[in-house]
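Work through the exercises below with the sequence and the 3D view side by side. Try each task before you read its solution.

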Amino acid sequence: MRTVTNYFIVNLAFSDVSMATFNTLFNFVYALHNDWYFGLGYCRFQNFFPITAMFSSIYSMAAIAVDRYMAIIHPLKPRLSSTSTKVVIAVIWIVAISLAFPQCYYSVTRFYYPRTVCMVDWPDDYGGKHQLSYQFAVILLIYLLPLLVMLVTYSLVGQSLWGGHIPGEATDHYHSQITAKRKVVKMMVVVVVTFALCWLPYHIYFILGSFNRDIYKQHYIQQVYLAIFWLAMSSTMYNPIIYCCLNQRFRAGFRHAFAWCPFVKVSEEDKMELQHTHTFRVTMTRSHRNDISYGHTSMKTNSTNDSNLRNTEQDTCMQLKDPMSSKTHNAHNAHVVRRPDDTKSPAAKLMEHNY
């Protein structure tokens, strides 16, 4: 299961779990009571981490889309290695932390009797140039841009998998490969669409609030915000459900991982699915090594043939230039050809001499 796609899925799961653990409950309590109980330190973290986790989630999905695109559209090009994948994940988190840092830096707590407020105190007033510029940059970088990348890549992949004609004489293995790739792409498209729909009202709410602050004074705006907030936060719980419903391999892997639970049973079908995955990976690895070994052998053979051809060409040129050297060369060749006679027995040599 340690594939490039699964590395990014693990990173996506970690981002979702972190968001649910460190932000959902605290934001809900704050929105419900409209009073911040958790101090300045957690106020900074509460404004900082959601953007970080959201950036990591969406760009993990974008990386999966690009990886699927390369695997299906350009299967002969080299894929990311395990080390390269970890480097990409580290870069995603570094960029995410950098993007979210202004939210942490300008976060403050203010006491307005009888309650404490956690807020982001921008250099100019709320709705000013700094706040609007940052808000639009966040929406562009963690919502619109990655969604555009995924739209393009999955469109091209879908056109290749569903638009192309499968040869009538294709083997069952080829058909099963195409079917498996289609299932993976379907699953990831559902994940991306779910994420986009869950977070769309959240971004629209803050965009409208940036231009018209009177929206926050509406009578039921608190209930509206809670509904929008919970819809956005609920995106973290849908992914495991989608994986479990749309991917047999993940179902088998989850059952195998939680086999220690009394109510979870690993069926024979699950064992066969995991064994098939392991066997396929081993076969592909051996095939790749054999291809490399064959390539090295072919290179050596070609090098030897090229060397012999060059020697023949040099000999021909020498013969054309110098007839005497040609005679000498022919005599040398005759001597070399007769060399195997040395291996004959003394009796055979004596008979040849007599004749």
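A residue counts as buried when its relative accessible area is under 20%, as exposed when it is over 50%, and as partly exposed in between. Keep these cut-offs at hand. Keep in mind, too, that this is a predicted model.

**Exercise 1. Describe the whole chain**

Task: State which elements the chain contains and in what order they come. Then describe its burial, contacts and surface.

Solution: 
- Step 1. Count the elements. The chain has 11 helices and two strands.
- Step 2. Read them in order. The pattern is α-α-α-β-β-α-α-α-α-α-α-α-α.
- Step 3. Check burial. The chain has 355 residues, and 32% of them count as buried.
- Step 4. Check the contacts. Take those between residues at least 6 apart in sequence. Of these, 70% join residues at least 24 apart.
- Step 5. Check the surface. The accessible surface is about 22,700 Å², and carbon and sulfur atoms account for 65% of it.

**Exercise 2. Compare a record with the model**

Task: Which residues does the UniProt annotation "transmembrane region" cover? Examine two of these spans in the model.

Solution: 
- Step 1. Read the record. The unreviewed UniProt entry gives residues 7–28, 48–66, 87–113, 133–157, 184–204 and 224–246.
- Step 2. Take residues 7–28. This span is 100% helix and 0% strand, and its end C-alpha atoms are 31 Å apart.
- Step 3. Take residues 184–204. Here the chain is 100% helix and 0% strand, with 31 Å between the end C-alpha atoms.

**Exercise 3. Take the hairpin apart**

Task: In which sense do strand β1 and strand β2 pair? Then inspect the turn that joins them.

Solution: 
- Step 1. Find the strands. Strand β1 covers residues 107–112, and strand β2 covers residues 115–120.
- Step 2. Read the pairing. The two strands are antiparallel and share six bridges.
- Step 3. Pick one facing pair. Phenylalanine 111 is opposite threonine 116 of β2.
- Step 4. Look at the link. β1 and β2 form a hairpin, joined through two residues. Proline 114 lies in this loop between β1 and β2.
- Step 5. Check the peptide bond. Tyrosine 113 and proline 114 are joined by a cis peptide bond, with omega about 10°.

**Exercise 4. Sort the salt bridges**

Task: How many salt bridges does the structure hold?

Solution: 
- Step 1. Count. The structure holds three salt bridges.
- Step 2. Start with arginine 68. Its partner is aspartate 67, with 3.5 Å between the closest N and O atoms. Arginine 68 counts as buried at 14% relative accessibility.
- Step 3. Follow aspartate 67. Aspartate 67 also forms a salt bridge with arginine 79, the closest N and O atoms being 2.9 Å apart. Aspartate 67 is in helix α2 (residues 39–73) and arginine 79 is in the loop between α2 and α3, so the pair ties together parts 12 residues apart in sequence.
- Step 4. Compare burial. Aspartate 67 is buried at 6%, whereas arginine 79 is partly exposed at 39%.
- Step 5. Turn to aspartate 121 and arginine 110. Their side chains meet in a salt bridge at 2.7 Å, N to O. Aspartate 121 lies in the loop between β2 and α4, arginine 110 in strand β1, 11 residues apart. Aspartate 121 is partly exposed at 31%, and arginine 110 is partly exposed at 31%.

**Exercise 5. Check a backbone angle**

Task: Is phi of asparagine 34 positive or negative?

Solution: 
- Step 1. Recall the rule. Most residues other than glycine have a negative phi.
- Step 2. Read the angle. Phi of asparagine 34 is positive, near 55°.
- Step 3. Apply the cut-offs. Asparagine 34 has 32% relative accessibility, so it counts as partly exposed.

Note on methods: Residues are numbered from 1 along each chain as its sequence is written. This is a predicted model: local features need pLDDT of at least 70, side-chain atom pairs count only at pLDDT 80 or more; totals for chains, interfaces and linings use all residues. Side-chain values use heavy atoms; hydrogens and water are left out. Helices (H or I, at least four residues) and strands (E, at least two) are DSSP runs, numbered from the N terminus. Buried means under 20% relative accessible area, exposed over 50%, partly exposed in between (1.4 Å probe, protein chains only). Contact means heavy atoms within 4.5 Å. Accessible areas come from the Shrake-Rupley method with a 1.4 Å probe; for residues, only the protein chains shown count as cover. UniProt positions are given in the numbering used here, feature names are shortened, and annotations may be inferred rather than shown by experiment. Two strands pair if DSSP finds at least two bridges between them. A salt bridge is a side-chain nitrogen of Lys or Arg within 4 Å of a carboxyl oxygen of Asp or Glu.
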